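Subject: Structure handover

Hi,

Here is the structure I promised to pass on.

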Amino acid sequence: MILIRNHDVATILVAKRPFSDADIDRVMKISKEMEFTAVLTPHFAEKPEFEAVSTRGQYEQLMRTYPLNIDAPTDDSPFFFHMLRAGDLLKTSKGMNDRNLKAVNVLGRLLAIVTGLTAVAIIAPLVLRRRVREARSGRLMIYFASIGLAFMMVEIGQLERLIVFLGHPIYGLTVVLFVLLIASSWGSLCSYRMRNWIWLLPLLLVTHSLTAASTPVRIAISALLLFPSGFFMGMAFPLGLKKALYADKGAPTAWYWGINGAFSVVSSVLAVVIAVFWGVTMTLLVGLGAYIVGLIALGDLKFHMVHDPWSM
């Protein structure tokens, strides 16, 4: 490997076989004539970090100890301009990669703002409305918060994964929003017919052979993968309301609705934070975990009403 720099632009030369002395001399001669600077050659390294990158056994250690995250981007973490670690979220000092630091600070402040507003939206009715205090259920609070958090985690995780598969952000946004809205709406419509509910949350797995298919084929495949999860995720909210009405005819359903919506807003920011720092797969796993929490919270509720208020 040879690295030549001209001011802020660098050129990397990579060969399958080792560069010969004649190759290196020729590169150095041309670089000198064009006023380029040799940063890395088999005989020279401008900085120890450059030598570590090109030396077997030292690369992994460099990735762990370097102040910035300079590891190669992957499909699971495709944010190639993002080079800060999770601990940098609270930093305010200027320095290396200052623009990235400002962007991360904005993301952190946004998360703090929406979290604070969500807390106000949940606590205020408890303080101001006696009916909400008397009729509230802790397990239902957890349930509606969990499914609101989970839905957006899965949606944004699949959106970020599909952007890579479909090749353009606008395709990922259009396909994910359209399919999930249609599928979840249909699932919500069908939910009143179900006495027992199940979760189906398939992770988005796309084989390498399909990435070379035409755009219409990849869109169709994406829709087929998204539809089952969207259908069953759409059932969660109306089934929760149904359980709430079973437990108490005077249940504060509007407040539960607000909890669900507020946590969806928090999740829309939190999902980006998780994907940027820990990867898209982790975003989907957090969504899956939130659904499991909701399932446990709702599964232990005891109901006393015989009449089904949603029966037709």
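Below is what turned up, starting with salt bridges and ending with helices.

Before that, the housekeeping. This is a predicted model, where local features need pLDDT of at least 70, side-chain atom pairs count only at pLDDT 80 or more, and totals for chains, interfaces and linings use all residues. Residues are numbered from 1 along each chain as its sequence is written, and side-chain values use heavy atoms, with hydrogens and water left out.

**Salt bridges**

Searching the whole structure gives 3 salt bridges (a side-chain nitrogen of Lys or Arg within 4 Å of a carboxyl oxygen of Asp or Glu).

One of them joins the side chains of Arg5 and Glu46, with N to O at 2.9 Å. Arg5 sits in strand β1 (residues 2-6) and Glu46 in the loop between β4 (44-45) and α2 (48-53), so this pair ties together parts that are 41 residues apart in sequence. For the element names, helices (H or I, at least four residues) and strands (E, at least two) are DSSP runs, numbered from the N terminus. Arg5 is partly exposed at 27% relative accessible area, and Glu46 is partly exposed too, at 31%. The cut-offs there: buried is under 20% relative accessible area, exposed is over 50%, and partly exposed is in between, using a 1.4 Å probe and protein chains only.

Asp76 pairs with Arg161, and their closest N and O atoms are 3.0 Å apart. Asp76 is in the loop between α3 (59-65) and α4 (98-128), while Arg161 belongs to helix α6 (residues 138-166), so parts 85 residues apart in sequence are tied together. Arg161 is buried at 17%, whereas Asp76 is partly exposed at 24%.

Then there is Arg17 with Asp23, where the closest N and O atoms are 3.6 Å apart. Arg17 is exposed, with a relative accessible area of 54%, and Asp23 is partly exposed at 26%.

His7 is in the loop between β1 and β2 (9-13), and Glu35 is in the loop between α1 (21-33) and β3 (37-41). His7 is exposed, with a relative accessible area of 68%; Glu35 is exposed, also at 68%.

**Helices**

Buried residues in α8 include Arg218, Ile221, Leu226 and Phe231.

Back to α6: its axis and that of helix α11 (residues 280-299) come within 7 Å and cross at roughly 155°. That makes α6 roughly antiparallel to α11. Axes are lines fitted to C-alpha atoms, for helices over the stretch in contact, with angles running from 0 to 180 degrees between N-to-C directions. Angles under 35 degrees count as roughly parallel, over 145 as roughly antiparallel, 65 to 115 as roughly perpendicular and the rest as oblique.

Cheers
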